[in-house]
Amino acid sequence: MALAGVALETLTGAFSSELSWAATEVRMQQESIFDAGKVKINYLDYGSSSDEPMIMLHGGAWCWQEYLTLIPSLSQKRHVYALDLRGNGRSGWTPEHYRLKDFKDDNVEFVRRLNAPTVLAGHSVGGVIALMVAEQCPEKVKALIIEDSPVSLDNYKRIIESGRDMFGIWLELKRSAKSELELSLALADKFKNYPGVTSTWIMFFARCLWLLDPTFFNALLYDFDGFIQGYDCKTILAKIKCPILFIRGEKELGAVMTDDEISWLKQNFSNVSCAQINGVGHLLHLQDQGQAPVLAEMMAFLGRIPK
């Protein structure tokens, strides 16, 4: 889902020097490649090297550009690293290796190369990965922002089952298209009667889907137990002590977090705060009316994190 206009930079030197939280300010604005061992990960490096880091993990089948409209504001106080998950965007493909543990391992490697604890934000599956990373290396994660990620495994499985047909349509359109243009036109036709779907969204998603590894959904759809191995949110949250903000849209408009999950979080964890954004569903900041309130919740939360 990469948008045009940003040059791809490949790292040839030591990765640690690129990610250092330096005393001398350097303003970064480039895409780079990180070698995670089993795959090369594309990421945006944006902001001042003298600011504390913030990592952003997009939703499944998207790319780092889902945060494009939030990054300039967030980077006023944070050095933003927005990553493409393996198999997505400009990151490398690892056919049939798209389980939560695979994504977690890539991002643990990234986090451990930073020279300062980071704020870790994630949307949908990106939020699930963020929680798993924070559990594995809590000393490297200063705070978490989780946008509409399922908490219970039962809810996660229900979401996947309800979306199975939609994922199938996406993949069939991708297989049938001979170009990104053809794919964008096919998506526009398929979703022409869906309220809220704009030309901008179609172009964005067509780019994402065009770049996506076709095997990305296989584990999720056909080996769910293998896909979610290592994700027990109740156990994970009991181990995480840093501040956590959960953001959800309206359930009636497609938000996936349940009322029971929100209530459970509020009742059991003093380090957790929850915010609801009205007028939007699961897409949250990707919807026009969700962008400003989501950003406001993020900025307020970041302002409360101790230095």
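Modeller: On one side of helix H11, Asp260 and Gln267 are exposed. This is a predicted model, and the helix in question spans residues 259–268. Exposed here stands for over 50% relative accessible area, and buried for under 20%.

Turn now to the other side. The buried residues of H11 are Glu261, Ile262 and Leu265. Because these three cover an arc of only 100° around the axis, they lie on the same side of H11. The general rule behind such a pattern is that an α-helix has 3.6 residues a turn, so residues three or four places apart point the same way.

What lies over the buried side? The cover of the buried residues of H11 includes both helices and strands. Among the helices are H5, residues 153–176, and H10, residues 233–239. Among the strands are S7, residues 244–248, and S8, residues 272–276.

To put the two sides together: Glu261, Ile262 and Leu265 are the buried residues of the helix, and H5, H10, S7 and S8 are among the elements that cover them.

S2 pairs with S1, residues 27–35, in the antiparallel sense over 9 bridges. Another 4 bridges join S2 to S4, residues 78–83, and these two strands also run antiparallel.

Conventions
Residues numbered from 1 in each chain as written. Predicted model: local features only at pLDDT ≥ 70, side-chain atom pairs only at ≥ 80, totals over all residues. Heavy atoms only, no water. Pairing = 2+ DSSP bridges. Buried < 20%, exposed > 50% of the residue type's maximum accessible area, 1.4 Å probe, protein only. Arc of directions from axis to C-beta. Contact = heavy atoms within 4.5 Å.
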